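Please keep the sequence and the model in view while reading.

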Amino acid sequence: MKLSMNWLKDYVKEDFDPKAYSDKLTMTGSKVEGYECPADEIKNVVVGKLITVEKHPDSDHLLICMVDIGAEEPVQIVTGAQNVKPGELVPAALHDSYLPGGVHIKAGKLRGVPSNGMLCSLGELGLDKHDFPYAEEDGIFLLQEDCKPGDDICKVLGLDDVTVEFEITSNRPDCLSMIGLARETAASFDTDVTIPTPVVKETDNGKTINDYISVEVLDSKLCPRYTARVVENVKIEPSPKWLRSRLRACGIRPINNIVDITNYVCLEYGQPMHAFDASFLGGSKIVVRHAEKDEKITTLDSIERQLSEEMLVIADADKAVAVAGVMGGENSEINDNTKTIVFESANFNGPSVRLTAKAIGLRTEASGRYEKGLDPENTLGAIERACELIELLGAGEVVKGIIDVYPEKPAKNAIPFDADKINAFLGTDVAEEEMKAIFKKLEIELVDGVLYPPSYRADLECMQDIAEEVIRIHGYDLIPTTNFKAEALVGRRNAKQNSLKLIDELLTGEGYYEVQTFSFISPKYYDNICMPADSPLRKSVVISKPLGEDTSIMRTTAVPRVLEVLATNRRYRNKNARIYENAKVYITKEGEDQPDERMSTVIAAYGDVDFYDMKGVCENILDLLGIKGYDFVPNTEAPAFHPGRCASVVSRDGQRLIVFGQLHPTVQENYGLDIESYVIVCDTELMMTMQNFDKHYKALPKFPSSERDLAFVCDKALTSGEIKKAIKKYGGKLLESVEVFDIFEDEEKVGVGKKSMAYNLVLRSPEKTLSVEECDKAVAKILKGLEFDLGITLRG
Amino acid sequence: MKAQLEKVKAEALEAIAKAESAQDLENVRVSYLGKKSPLTAVLKNMGSLTPEERPVMGALGNSVREAITNALEEAKKEIGKKELAKKLEKETIDVTLPAKKCSCGKLHPLTSIQREMEEIFLGMGFSIAEGPEVETDYYNFTALNTPEFHPARDVQDTFYITDKVLLRSQTSTTQVHAMEENKPPIRVISPGRVYRSDAVDATHSPMFHQCEGLVIDKGITMSDLKGTLLLFAKQMFGEKTEIRFRPHHFPFTEPSCEVDVSCFVCGGSGCSVCKGEGWIEILGAGMVHPNVLRMSGIDPEVYSGFAFGMGIERIVMTKFGISDMRLLYENDVRFLSQF
């Protein structure tokens, strides 16, 4: 909402400094976005009177003008425009003047002839033909204003106004008007506001409005009030300058007197108005009814709109002539030949207008106002004001009488007043007398301890609303700061939140950077990671109107987004990248609209990492969460991974906790990754259900250990894990640990299709130092077991 | 004999003074104090002295030995120091060569700021609440006093999944869950992702992060809200930080306010970060609307409370001087390593 400071003076007779005004209104709840003054951009431009106009000796299109600028001496200005004649008044930008857009005018020479400034066109002053309909657009602006040489052009053209732009919140539609803001201004500055009551003389032609039109409202719930007036002998012409300037200051383009009056009243009262050409209203009647099935209307913007039965329309005897509260129809639009008009000033149900505007895809100034809920009391004042302006402008003759369909006045809100309660709620100490003074300023009536807000303040419904009114006028900055008195509560993270923080600490400690990626992806992202067409993970939550395909579904895996980040880093030539995201995934549930939101951790890297680094990360996470009893199992079937370099971590009860490994070359290629890349996908949600932070001390060994190194020859296909498992199986209580320390393949030394695996065994007893014999015995048992289970023997 | 001893002493001390290394000193020790040394030789001749002379000469001999020994010790220390200095000099390295780092990763700046907020509120006895991101319109709007057809629903351009299910446009949804699941006193914050249909540019993103706060108890006042937020702001932005409440409107709080903090860059005198205002808007807050309390089964006649919500991106960007939000979601490690 833009407010004209000049206009404001109609109601509040005070001069305000724009900055102080903006700050004050912001602090009382009408937030000012900014203010501007067109005159600030125009400096040193005055009215000039052309004395002589002569041809330039060296040019066939330049003219040399002697201009009276109200000074002792006239100035010489060269112009290229051809519409200048001696005796005309023109805007003259003098030496060292400024025009809109930061244009700086200085004295100079044009083809050798000195020119001490510039004569201006409409456009050069930041105006157009709508502002001054009499002006020529492609020539110098020949002024027809009441002015004399030397007058400041801004004053003459009404550009000396200051426009203040407000951000009005949705609960205050009353402030989307000059009158509403004038009331707020007066309350904020503790001064008086005068709202003039419009006076309509009416014409005496022996007829009344009932001779022209009848109004019938079929749904008074959706149209609580419909007020109409008729104007005849309408003369469509441009509005006077004062009205045009005011519209302009408020950001509305002047059109013609009738349209301008409806816009002016809308700005002044906050009440949308509409004007019908009465000659197009069939049956001389207005019916406010629901649209019929399959009914259509072409609105003023020349677009045909399909209506439906829940929508409200304004109709004549046989057709819709307007979509109620949204836009008028082309079929009843006023034109240059219009003689008789019907003014509509109506109140429509907010939600209904909102729904209709949304359904037909047409949000207008009017619908934006109606949907916030307007004051039905306002329609009469607005229509009277419109008719007053008609008479003032001589735009037509107002017919006697008003039609006002207003079956039920809404009940006023009644709120019990209790000053102590308000202070207790706010934590303030505002005197009861001050509160009462605030109510008076805000026109809230106090009768027998009950508050009755004015009709335009339907937003005031309860004590809390009143408390806000008190404190915003008293001053938000006067609210003290206190610490709440309450019983002590334990503030702590829950187990899951704690685990995620631990995972963060672990991974950042291991050199991984946390990343944050969008939770929505494109269905195509699943193809990029080679997800099978029949994978249940392809069923995603779908956004009904997404911004674009890349943000159209909620991810069921965070792998694509994380790989995208990996690829970005590679593209930026970062040598190494280690990243991870604790990412929510959204797994759809059969028959439910809301998915299961599960936490997963996706870790990815390229550069100075290999498979076993990644395996180490997996082990550290498992260890961190205290998860015991799991196996690393080769996984040849995960489509995103290299089939020979991928493993799953499987819990003892068969649940898959982690899949990790080297990325499949196809997937790598899909992301433009030209380097071996690794990914770990943790089902963190599942792992967190298995986490166990119980810790028990185990006595440190009292006796020394014995170590034995054993090397075996076995088939290449046999995994280290299988051998280790077998060693453990036969190692008994004395075997403390076993780790592989050397692997080698050599066709000559160990044979074709074979490999050599060397293990280090640590043997220890908690009760004594083991003798050589005891160790030998334990090893012999292991060897026997290995031969039996796996058919492998010590390397000769 | 006395003269001989004096001579030995003088020679030995001279040799010590000339010695340059530990080895030189050892040679001096052997030649002046060893079995074949002149001192030993002189003292061997003690037998030829008179009984009166013997103790005198013995004492003299011992003092000479002692003097030489002491001088040797002193010299040894000196030479040791010199040799160490030489060794250290040889070991000098170029300290300007690049460091060998254990390459630590870092939290994303959004997470690190979020954690900082969490720590501040955990310290005040708040818990951390969570709620779904794919939410019903009841929790996102209706239960927050924004019924269907309410114009405030348009303020946030919401992503819908079905008519009734949407991507939450605000973390305020967790207020309702917290009130339904717990009895007062309630003290929670709830950081998380929210979604609005805004195209990506330097200051907009269809997905961003908010942190919500909610306190419900008997006798909670608006001044408590101001006190709590001041406490938070001082810890988050520095001890000198002040806050300012400006009236505003949110459907789910009444009274409502927008909250500014004094600019933590210029301290309030005006700079490019605060656009010359001296204040930076960081959050919205207010007293929980009685309708919201009622809908969540809390009697507004008995309990009152306050709620606040802030955008984490905004705080991260102003605090770290990041002008383009897209950097936060691009995740270039050169960017991430700066925080």
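## A helix pair in chain A

In this predicted model, Glu722(A), Ile723(A), Ala726(A), Ile727(A), Lys729(A), Tyr730(A) and Gly731(A) of H20(A) meet a set of residues in H22(A), namely Ala778(A), Lys781(A), Ile782(A), Gly785(A), Leu786(A), Asp789(A) and Leu790(A).

The axes of helix H20 (residues 720–731) and helix H22 (residues 772–790), both of chain A, come within 8 Å and cross at roughly 130°. H20(A) and H22(A) are therefore oblique to each other, and the crossing in which H20(A) passes H22(A) is right-handed.

## Domains of chain A

Chain A is divided into domain 1 (2–37 + 162–189), domain 2 (39–157), domain 3 (209–405), domain 4 (415–478), domain 5 (495–690) and domain 6 (706–794). Between the C-alpha centres of domain 1 and domain 2 of chain A there are 35 Å.

## Nonpolar cores

The largest nonpolar core has 81 residues, and those with the most contacts inside it are Val313(A), Ala324(A), Ile341(A) and Ala386(A). Helix H7 (residues 257–269) of chain A gives the most to this core, contributing 7 residues, while domain 1 and domain 3 of chain A each supply at least three residues to the core. Apart from this core lies another, of 75 residues, which includes Ile444(A), Leu214(B), Ile280(B) and Phe306(B).

Leaving aside neighbours within four places in sequence, Ile341(A) is in contact with Val231(A), Val234(A), Ile258(A), Ala275(A), Phe276(A), Asp277(A), Ala278(A) and Ile334(A).

Technical notes: Residues numbered from 1 in each chain as written. Chains lettered and ligands numbered in written order. Predicted model: local features only at pLDDT ≥ 70, side-chain atom pairs only at ≥ 80, totals over all residues. Core = buried A, V, L, I, M, F, W, Y, C linked by C-beta atoms within 7 Å. Buried ≥ 20, exposed ≤ 12 C-beta atoms within 10 Å, placed from the backbone. Helix = DSSP H or I, 4+ residues; strand = E, 2+ residues; numbered from the N terminus. Domains from an automatic or database assignment. Contact = placed C-beta atoms within 7 Å. Axes fitted to C-alpha atoms, helices over the stretch in contact; angles between N-to-C directions. Parallel < 35°, antiparallel > 145°, perpendicular 65-115°, else oblique. Left-handed = near helix turned anticlockwise from the far one by under 90°.
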